[in-house]
Amino acid sequence: MNAAVGRGDGEYLVVGVDGSEPSLRAVDWAADEAVLRGVSLRVVYAHLWDRYEGSALARDVERPAGPPSPRDVAEAGARRALARHPGLRVTVEVVPEEPEYALVREGRHAAALVVGTRGRSGVAEMLLGSVSLAVAAHADCPVIVLRGSHDNQATPPVHGRVVVGVGEDVKDPAAVRFAVAEARRRGVALEAVRAWRCPARESVDHPLITGEPARLHEERAAEELETALRDVPDDLRVYRRTVEGYARRVLLDASHRADLLVVGARRRDGHVGLQLGRVAHGLLHHSACPVAVVPHREGDA
């Protein structure tokens, strides 16, 4: 395409397409995000066939004689991005490989990676969301998985809020740093949430917790929240929330009032298999808004 440029220098954002309407809505969101960041957008279609073999082809994909080619699918994504933001720098890449492997590799030098999901409920959701899950579990860069009814726009904000789940790793909160940057780009507030629970079998015989085990757990959660937010700029509006309950349930509830939900994911060197915790896994399936999974390698400073 004439509008496309080469890989070039500097940062770029990657969006994966597969010819479906949800993947083109992901292009809309990724185009907005690229403009917010001032970077180019790289549209990637990974495939193993010479012709399009998917189902539910989006209307924006041109159908010459017969099924569209992989290049047709990728360029439909680029046209969609340029129609939304004519001045955006867009590149197109077609990769003859399984999409989860190709997208993880494409994300190695990207600012972030955006993928859509056609997930429904039950078994269908597990099958149709497998690529998104695999990419979120293994990518070296933040992965934004589009969920929710407003998942085709990063701007203007719908709820005016970015929510970040603060986990146990508060010494180097990569997810918090990412969420702060996203909130500032959008000019919205940041809501930082730390879920806590009082173990049902916790002994109340110890003199330090007699009669008040729940209060001590809540105070510890508040301290951890403050530690995680210690470097947040003063000019950002921040709401701090400590909530008793399971983290997955607490964050799912928060997703209904967020434009973006941010969670961290540990990466363990040498570990084979899905590197997503139960909380991130559940949010990717059921969140009411887009979810950003921010990787953090154990031992990173």
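Trainee: Where does Leu48 lie?
Mentor: Leu48 sits in the loop between strand E2 (40-47) and H2; helices (H or I, at least four residues) and strands (E, at least two) are DSSP runs, numbered from the N terminus. This is a predicted model, where local features need pLDDT of at least 70 and side-chain atom pairs count only at pLDDT 80 or more, while totals for chains, interfaces and linings use all residues. Residues are numbered from 1 along each chain as its sequence is written, and side-chain values use heavy atoms, with hydrogens and water left out.

Trainee: Thanks! What does Leu48 touch?
Mentor: Leaving out residues up to four places away in sequence, Leu48 touches Pro96, Glu97 and Glu98, with contact meaning heavy atoms within 4.5 Å. The C-alpha atoms of Leu48 and Glu98 are 6.5 Å apart, though 50 residues separate them along the chain.

Trainee: And what is the relative accessible area of Leu48?
Mentor: The value is 46%, so Leu48 is partly exposed (buried is under 20% relative accessible area, exposed over 50%, partly exposed in between, with a 1.4 Å probe and protein chains only).

Trainee: New topic: how many disulfides are there?
Mentor: Zero, from a search of the whole structure; a disulfide here is a pair of cysteine sulfur atoms within 2.5 Å.

Trainee: Is Cys289 buried or exposed?
Mentor: Cys289 is buried, at 0% relative accessible area. Cys141 is buried too, at 4%.
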